[in-house]
Amino acid sequence: MAPTLSSDMTTMRRAAVVVVALASLLAGVAAAGAVTFSATNAASSTAGGKRFGRDIGVAYSRRVLSDASSFCWKTFSQPNPGSRKPVSSVTLVVEDIGGVAFTSGNGIHLSAQYVGGYSGDIKTEAAGVLYHEVTHVWQWDGQGKANGGLIEGIADYVRLKAGYAPGHWGKPGQGDRWDQGYDVTARFLDYCDSLKPGFVAQLNAKMKGGYSDDFFAQILGKNVQQLWKDYKAKYGG
């Protein structure tokens, strides 16, 4: 018996749903494939390298690199690849080096010695460190003109907003100057962003072509020194 018109329409609708689902899946794969993430443990024979392999692992690290990148794009209001730095891959290498970690270009280098010597929850700590370092991959640096304190402060701001601020960080209102860097500047930037949500995204966007302290006044209507005074006063500093 020939199929009825109703059954033909039902079949066509089901086929359309399948096509849409496949298109959505392919779009997701394309978006995810735009940037690749890799991790390598080059210190696997050391105590810290062994701890990395046991408590953190390359699979988890790759996932953090991806999640942190997505979080940076959201924080910097960069939904499209065209608005971001032209980075096609983000890499992590665990090495037998001192310090904590550093980033060069799109490559992150994590200290196995730090991993081995850390006394707390190393998996959470490593995630926080990677969020900081991934920010360096994606943030604009004013074409090299922005001071280091601000660059590090923005990286710690991303770590803060992602929920990975460690307990030893300074509290809001602490610090000697706005560009002291790291947690001090991160807390100050969080205050500035509370005055105008999206401030950090606007600041980062301006830093694509250069840098001036006047960017603060252009966005918030007050110079950075006055903003710092207001911030300190708010917290009794």
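Start by selecting D55: with a relative accessible area of 28%, this residue is partly exposed. Keep in mind as you look around that the model is predicted.

The side chains of R54 and D55 form a salt bridge, 3.4 Å from N to O. Select R51 as well, and you have a network of salt bridges that links R51, R54 and D55. Across the whole structure, a search finds six salt bridges.

For another of these pairs, move to E125 and R159, whose closest N and O atoms are 3.0 Å apart in a salt bridge. E125 sits in helix α5 and R159 in helix α6, so this pair ties together parts that are 34 residues apart in sequence. Are these two buried or exposed? E125 is buried, at 7% relative accessibility, and R159 is buried too, with a relative accessible area of 7%.

Then colour domain 1 (35–138) and domain 2 (143–236): both contribute to the lining, so the pocket lies between them.

Finish with two cysteines. C72 is buried at 0% relative accessibility, and C192 is also buried at 0%. A search of the whole structure finds zero disulfides.

Note on methods:
Residues numbered from 1 in each chain as written. Predicted model: local features only at pLDDT ≥ 70, side-chain atom pairs only at ≥ 80, totals over all residues. Heavy atoms only, no water. Domains from an automatic or database assignment. Disulfide = S-S within 2.5 Å. Buried < 20%, exposed > 50% of the residue type's maximum accessible area, 1.4 Å probe, protein only. Salt bridge = Lys/Arg side-chain N within 4 Å of Asp/Glu carboxyl O. Helix = DSSP H or I, 4+ residues; strand = E, 2+ residues; numbered from the N terminus.
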